[in-house]
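Biologist: I am new to this structure. Please take a close look at its salt bridges and walk me through them.

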Amino acid sequence: MLRDRERRGVTAAAAKPGAQPREAAPSADPNERVRQLEARVAELEASERKLATERDILRKAAKYFAGETNW
């Protein structure tokens, strides 16, 4: 079950009911907050690229296997 959650990108904390999402504590320093937000944006952009790649692979596989169903 843990492996399935990891594969879907769900953390153990997020899988528990009532769990709070992981958020950085707000910083009093605006520069630190900007760095945290930039890091989060970079993390989300990397995740988006990974998901787009996976989606493209799945589309190609579906197209390939749809052509193989000539029984």
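Modeller: Partly exposed means a relative accessible area between the buried range, under 20%, and the exposed range, over 50%. E43 has a relative accessible area of 39%, so this residue is partly exposed. Keep in mind that this is a predicted model.

Now the pairing. Side chains of opposite charge can pair when their charged atoms come close. E43 has such a partner: R40 forms a salt bridge with E43. Their closest N and O atoms are 2.8 Å apart. Both residues sit in helix α3. They are 3 residues apart, about one turn of the helix. R40 is also at 39% relative accessibility, so R40 counts as partly exposed.

The structure holds 3 salt bridges in total. Another one joins R35 to E32. Here the closest N and O atoms lie 3.0 Å apart. This pair belongs to helix α3 too, which covers residues 30–67. R35 and E32 are 3 residues apart, again about one turn of the helix. R35 has a relative accessible area of 46%, which makes R35 partly exposed. E32 comes in at 29% and is partly exposed as well.

That leaves R55 and D56. Their side chains meet in a salt bridge, with 3.4 Å from N to O. The cut-off for a salt bridge is 4 Å, so a pair within that distance counts. R55 has 42% relative accessibility, so R55 is partly exposed. D56, at 34%, is partly exposed too.

Methods: Residues numbered from 1 in each chain as written. Predicted model: local features only at pLDDT ≥ 70, side-chain atom pairs only at ≥ 80, totals over all residues. Heavy atoms only, no water. Helix = DSSP H or I, 4+ residues; strand = E, 2+ residues; numbered from the N terminus. Buried < 20%, exposed > 50% of the residue type's maximum accessible area, 1.4 Å probe, protein only.
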